[in-house]
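Here are a few exercises to work through with the model open beside you. Try each task before reading its solution.

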Amino acid sequence: MKADRQCTPHGIHIHADDVLAVCTLLHRHADMYFDMLSCITGIDNGVAAGTMEVAYNLYSIPYHHQLMLKVTLPYSQLRIASVTAVWKTADWHERELFDMFGIDITGHPDLRRILMPADWEGHPLRKDYQQQEYYRNIKVKY
Amino acid sequence: MPTDRIQYQYNDNNFALSEPGKFNEAALQGSEVIINLGPQHPSTHGVLRLEVLMDGEIIKEVVPHIGYLHRCFEKHAESLPYNQVIPFVDRLDYVAAMNNEHAYAMGVERMLGISHLIPKRVEYTRVLVAELNRIASHFIAIGTYGMDIGAFTPFFWIMRDREHILRLLEWASGARLLYNYMWIGGLFYDLPVGFEERCAQFITYIKPKLVEIEKLLIENKIFVERTANVGVLPLDLAINCGVTGPVLRGSGLRFDLRKVDAYSVYPELDFDIPIGEGKMGTVGDCWDRTYVRMQEIHESVKIIEQCLTQLTGNHQRTRDFDPQALVPKKIRPQAQDFYIRAEIPKGELGFFFRADGKSDVPFRCKCRSCSFVNLSVLPEISKGVLLADLIATLGSIDIVLGEVDR
């Protein structure tokens, strides 16, 4: 675990295997009590870096604390545990993460594409994304 | 074209070609049936498709299918300089574009470290137009909600009053809905000469109209019967599902980012945060959410009055005032991750930026949209109700599909 002061709100880097444990602790612990998950963001660092990042923005309503959790995933292991058991709002955020970046969310109750059609090829927010030429005989590029 | 020509030939296969649903017709049991609502249906407020599994008349499960209005905002933002993203931001929640711009411009200004330099007149003008837009957005929410559940007249009355706001904003910015008025570091133009006076006239005009609408719709017995105790969202579920805005406040939590984060000039303004109190039924029902919106309009009117006092008093227009004076020629924030959030009429609009410090375009710009999150609570609160109550619940959440799908 490593603190990151380059970001606003301040954040911590954690290992991908610890996501669920850390989130459960942050949510349950009486001194932290991060009861609201504001946002989950996926970031593709590009093919040269070979990593993706997932950032969780947490907020504690009673304490007025904000925190950013960051997880780095190598291209070879795009897998992260679902936090839907902690915050229900993570459901759709994680589906979007899967849809846009192709990150596998383990333990997600209903992992389907959310914004793109179910038979769309590729994950659009990856930096090396190439759109398909035809979708159901409709030309995609105009 | 000859009129007798068949333009659409029904084909059993067409259904199989459409977007797959979650439920399988072959696996239905007993009196279960699948009802498909939308994506072209007026009560879904746009292109939202709801797949509803019903047991007789009772809803067992609702599955929203979204993405029909997906315009790749985040992908576009990755290829445009920060200032050129603003027109795209307008198109997120297109009935409250000023509020979106305010959130976005504020975020980039804070990343650049110039937010404390913005002149007070610019800030008050931003809050003024944003609150005008908030009223317009709540008007749409209340008016269309009335129409969803069968009250037609309030919609026309509300649209008539909303038109005045749109004309004011058109006068200021040149556009009726998608303004591109707030720039990073300032405004496109100062307010036109005479705007403050006309705005004050509008406030005088709107106050009795609000009372009228309240009597006509909000306190109407039919409306109360139709919405009280329907779609009850308990507070703990609301927080766990991440809902914000009037939906969260309707569930009884006094939580408004204008107060909590105290951004812009909101700490200098005096206004209250209305919450749902369960006056007509249970706390967090559809009536409470609509009631909160109605009360928020009154609060916005209060804010506008105070802004007008400032804009004609301490911070009145001067001949040499240039609202673009601080607009940076080159927008290149230092390398950082930044999350900004602001209260737009529907809840918390957040932007996550990653700047790499080497280019003028955001490396990543994620939009956390409130309609998207608020809609995700719908399956939770519409189990075991009638289909008609699902429409009432959906309308009370007040989604804008442009923001759900981005």
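Predicted model: local features only at pLDDT ≥ 70, side-chain atom pairs only at ≥ 80, totals over all residues.

**Exercise 1. Strand pairing**

Which residue is the bridge partner of B:Ile344 in E7(B)?

- Step 1: Start at B:Ile344, whose bridge partner in E7(B) is B:Gly347.
- Step 2: Look at the two strands as a pair. E6(B) and strand E7 (residues 347-355) of chain B are antiparallel and joined by 9 bridges.
- Step 3: Turn to E2(A), which runs parallel to strand E6 (residues 336-344) of chain B, with 2 bridges joining them. Here A:Thr8 has B:Phe338 as its bridge partner in E6(B).
- Step 4: The open sheet has 4 strands, E2(A)-E6(B)-E7(B)-E8(B), with mixed pairing. E2 of chain A and strand E8 (364-368) of chain B are at the edges; each has a single partner strand, so one side of each has no neighbour in the sheet.

**Exercise 2. The interface**

Describe the interface of chain A and chain B, starting with its area and ending with its residues.

Solution. 

- Step 1: Take the area. The two chains bury about 3700 Å² between them, and 56% of this is on carbon and sulfur atoms.
- Step 2: Count the residues in contact, which are 47 of chain A and 47 of chain B.
- Step 3: B:Asp337 forms a salt bridge with A:Lys70, where the closest N and O atoms are 2.6 Å apart.
- Step 4: Find the elements on the side of chain A that touches chain B. Those giving two or more residues are strands E2 (7-8), E4 (36-44), E5 (51-60) and E6 (65-74), along with helix H2 (90-101). E4(A) provides the largest share, 9 residues.
- Step 5: Sort that side of chain A by residue type, which gives 24 nonpolar, 12 polar and 11 charged residues.

**Exercise 3. One tryptophan**

Is B:Trp183 buried, partly exposed or exposed? Describe its surroundings too.

Solution. 

- Step 1: Locate B:Trp183 in strand E4 (residues 182-183) of chain B.
- Step 2: Check the accessibility. With a relative accessible area of 25%, B:Trp183 is partly exposed, because buried would require under 20% and exposed over 50%.
- Step 3: List some of the residues that B:Trp183 touches, among them B:Ile86, B:Arg126, B:Phe188 and B:Gln324. B:Gln324 is 141 residues away from B:Trp183 in sequence, yet their C-alpha atoms are 8.0 Å apart.
- Step 4: Follow the side chain of B:Trp183, which reaches the backbone oxygen of B:Asn180 at 3.5 Å.

Terms used. Residues numbered from 1 in each chain as written. Chains lettered and ligands numbered in written order. Heavy atoms only, no water. Contact = heavy atoms within 4.5 Å. Buried area = accessible area lost by both parts, 1.4 Å probe. Salt bridge = Lys/Arg side-chain N within 4 Å of Asp/Glu carboxyl O. Nonpolar A, V, L, I, M, F, W, Y, C, P; charged D, E, K, R; others polar. Pairing = 2+ DSSP bridges. Buried < 20%, exposed > 50% of the residue type's maximum accessible area, 1.4 Å probe, protein only. Polar contact = N/O pair within 3.5 Å; in protein donor to acceptor, adjacent residues only side chain to side chain. Lists of a residue's contacts leave out its neighbours within four places in sequence.
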